[in-house]
Amino acid sequence: MIIIAIVIGCIIGVLAGMNAPIIPYSLSGYLAISIVAALDSVFGGITSVLKGKFDLKIFVSGFFGNAILSILLTYLGEKLNVDIYLAAIVVFVGRMFTNLAIIRRHYIDKWTSKDKNNN
C-alpha cells in the first residue's frame, strides 16, 4: 500500500513539476533544503514501517517539522551571511543514507532467506 502511495506521489510530482512555474534563483536554496528534509522523513517512514513502528502522527509532524526547521535555518543563514543550511543538509543526507542502508539490509535478508528456503 505504501509503495502504491509513493508511486502515485511521484507521478503527481512529475506532472505538477512539468506544469509549475520556474523557481527563482533566490528561492532555490529553500526548495532544495525542503526537498532533502522531506526525503529524509520519507526514508525514515519507510524504515519505521519495516521495523513495525510506524506512527502517522510522528511521520507527519517530522515531515513538516524538518521542512520548516530547515527553511528557518536557511533563512537565518542568509541573514547572517553564513551557510548554516549546509549543516542541515549533512545531517539529513547522513540520516537518509543510514535509513537506506537499513531498508537495503531488510530486503537483502528477506531475499536471501527466501533463497535458502527454496533450496
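1. One aromatic cluster is formed by F54, F59, F63 and F64. The model is a predicted one, in which local features need pLDDT of at least 70 and side-chain atom pairs count only at pLDDT 80 or more, whereas totals for chains, interfaces and linings use all residues. Residues are numbered from 1 along each chain as its sequence is written, and side-chain values use heavy atoms, with hydrogens and water left out.

2. How many aromatic pairs does a search of the whole structure find? The search returns three, where rings of Phe, Tyr and Trp (its six-membered ring) pair if their centres lie within 6.5 Å, and where planes under 30 degrees apart count as stacked, over 60 as edge-to-face and the rest as tilted. One of them joins F54 and F59, a tilted pair with 5.8 Å from centre to centre and 45° between the planes. The rings of F59 and F63 have their centres 6.0 Å apart and their planes at 40°, so this pair is tilted. F59 and F63 both belong to helix 3, four residues apart, which is about one turn of the helix; helices here are DSSP runs (H or I, at least four residues), numbered from the N terminus.

3. F54 counts as partly exposed because its relative accessibility is 37%. F59, at 24% relative accessibility, counts as partly exposed, and F63, at 26%, counts as partly exposed.

4. A nonpolar surface patch of about 710 Å² is made by I2, V49, F54, L56, V60, F64, I68 and L72. Patches are made of residues with over 30% relative accessible area and no salt bridge, like charges being joined within 9 Å and nonpolar side chains (Val, Leu, Ile, Met, Phe, Trp, Tyr) within 5 Å. Helix 3 gives the most to this patch, with five residues. I2 is found in helix 1 (residues 2–19), and with 37% relative accessibility I2 counts as partly exposed.

5. The count of salt bridges comes to one, a salt bridge being a side-chain nitrogen of Lys or Arg within 4 Å of a carboxyl oxygen of Asp or Glu. D40 forms this salt bridge with R95, and the closest N and O atoms are 2.3 Å apart. Because D40 lies in helix 2 and R95 in helix 4, the pair ties together parts that are 55 residues apart in sequence. D40 is buried, with a relative accessible area of 2%, whereas R95, at 38% relative accessibility, counts as partly exposed.

6. Helix 2 has 27 residues and reaches 40 Å from its first C-alpha to its last, close to the 39 Å expected at 1.5 Å a residue; the expected span is 1.5 Å times one less than the number of residues. Its buried residues, among them Y30, I33, V36, D40 and G45, pack against helix 3 and helix 4. Just after helix 2, G52 takes a positive phi of about 75°.

7. Helix 4 (residues 85–118) has 34 residues and should span 50 Å at 1.5 Å a residue, which agrees with the 49 Å between its end C-alpha atoms. The buried residues of helix 4 are A88, F92, M96, N99, A101 and I103, and they pack against helix 2 (25–51) and helix 3 (56–80).

Notes: Helix = DSSP H or I, 4+ residues; strand = E, 2+ residues; numbered from the N terminus. Buried < 20%, exposed > 50% of the residue type's maximum accessible area, 1.4 Å probe, protein only. Contact = heavy atoms within 4.5 Å. Areas by Shrake-Rupley, 256 points an atom, 1.4 Å probe, with all protein chains shown as cover.
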